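Please look over the sequence and the model before reading on.

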Amino acid sequence: MHPAGLAAAAAGTPRLRKWPSKRRIPVSQPGMADPHQLFDDTSSAQSRGYGAQRAPGGLGYPAASPTPQAAFLADPVSNMAMAYGSSLAAQGKELVDKNIDRFIPITKLKYYFAVDTMYVGRKLGLLFFPYLHQDWEVQYQQDTPVAPRFDVNAPDLYIPAMAFITYVLVAGLALGTQDRFSPDLLGLQASSALAWLTLEVLAILLSLYLVTVNTDLTTIDLVAFLGYKYVGMIGGVLMGLLFGKIGYYLVLGWCCVAIFVFMCPLLPGAVAHACNPSTLGG
């Protein structure tokens, strides 16, 4: 064929366009590791069923869940270390709980903190105005005193603890108004208040032992009753900051009389026993 004819035929024939090559690019599957990761992440191996054999595909059977024996055989070292660590932690917790209960009765302390907002309000009112209160008996249920939130006469440790901390802070405020505040004085105030409370408890225990008085009050009960005095001391310091010495002494005197009336129901048995002629040898 003539070259001109070939050129005409080539011109009349449509040219084929070149499409980009459809080369399949590998896509990382969800179960595959990151190619840039140097080490395998074995932290969640158990949650992924690490070491479990896959069921043969294409048969229509669901994948079987790995048994504990299979998981243990797959990674015995880590499973043994985990079991040993759990056993050691359980033994340590049991040992700590046993030793703590020997020196600090945690189960008994829970009773003294079983309070609510209504109980705290009624108790504070009773501490400031105990003169009209008539029933001072502690309620019992099956030879066990009811929780403080159900009986306003029951002793608690929540109010004494909060009152002690508040008293130390208010004392620091009073020192600050006098330009005498320092962390050392605040620590000295807290330690001295705690030391006086300890001496008061020991003095009462010694007195009860010397007069051989049998009482149902425990040492924790004495700490609770003696800790109520910090409520009146807080009121006295605050009134002293607001109204000077006159307000301080008036409120402090009122609170002293109120705490005496509040503690009176605890005294008749001990006083009657101490004043008994047979006890005094008369």
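A residue is called buried under 20% relative accessible area, exposed over 50%, and partly exposed in between (1.4 Å probe, protein chains only). The model is predicted: local features need pLDDT of at least 70 and side-chain atom pairs count only at pLDDT 80 or more, while totals for chains, interfaces and linings use all residues. Residues are numbered from 1 along each chain as its sequence is written, and side-chain values use heavy atoms, with hydrogens and water left out.

| Residue | Relative accessibility | Class |
|---|---|---|
| Cys 256 | 44% | partly exposed |
| Cys 264 | 28% | partly exposed |
| Glu 200 | 27% | partly exposed |
| Lys 229 | 23% | partly exposed |
| Asp 221 | 8% | buried |

A nonpolar core is a set of buried Ala, Val, Leu, Ile, Met, Phe, Trp, Tyr and Cys residues joined through side-chain atoms within 4.5 Å. The largest such core has 26 residues, of which Tyr 228, Tyr 230 and Phe 262 touch the most other members. At least two residues of this core come from each of α5 (117-128), α6 (158-177), α7 (183-210), α8 (219-227) and α9 (229-263). Helices here are DSSP runs (H or I, at least four residues), numbered from the N terminus.

Contact (heavy atoms within 4.5 Å) shows the surroundings of Tyr 228. Beyond its neighbours within four places in sequence, Tyr 228 is in contact with residues including Tyr 119, Leu 127, Ile 159, Ile 259 and Phe 262.

Asp 221 is part of helix α8. The side chains of Asp 221 and Tyr 112 are joined by a polar contact of 2.6 Å; the term denotes a pair of N or O atoms within 3.5 Å, where, within protein, one must be able to donate a hydrogen and the other to accept it, and residues adjacent in sequence count only if both atoms are side-chain atoms. With neighbours within four places in sequence set aside, Asp 221 is in contact with Tyr 112, Pro 155 and Asp 216.

A salt bridge is a side-chain nitrogen of Lys or Arg within 4 Å of a carboxyl oxygen of Asp or Glu, and the count comes to one. Lys 229 and Glu 200 form a salt bridge through their side chains (2.9 Å, N to O). Lys 229 lies in helix α9 and Glu 200 in helix α7, so the pair ties together parts 29 residues apart in sequence.

Disulfides (pairs of cysteine sulfur atoms within 2.5 Å) number zero in the structure. For Cys 256, the nearest cysteine sulfur is that of Cys 255, 7.2 Å away.
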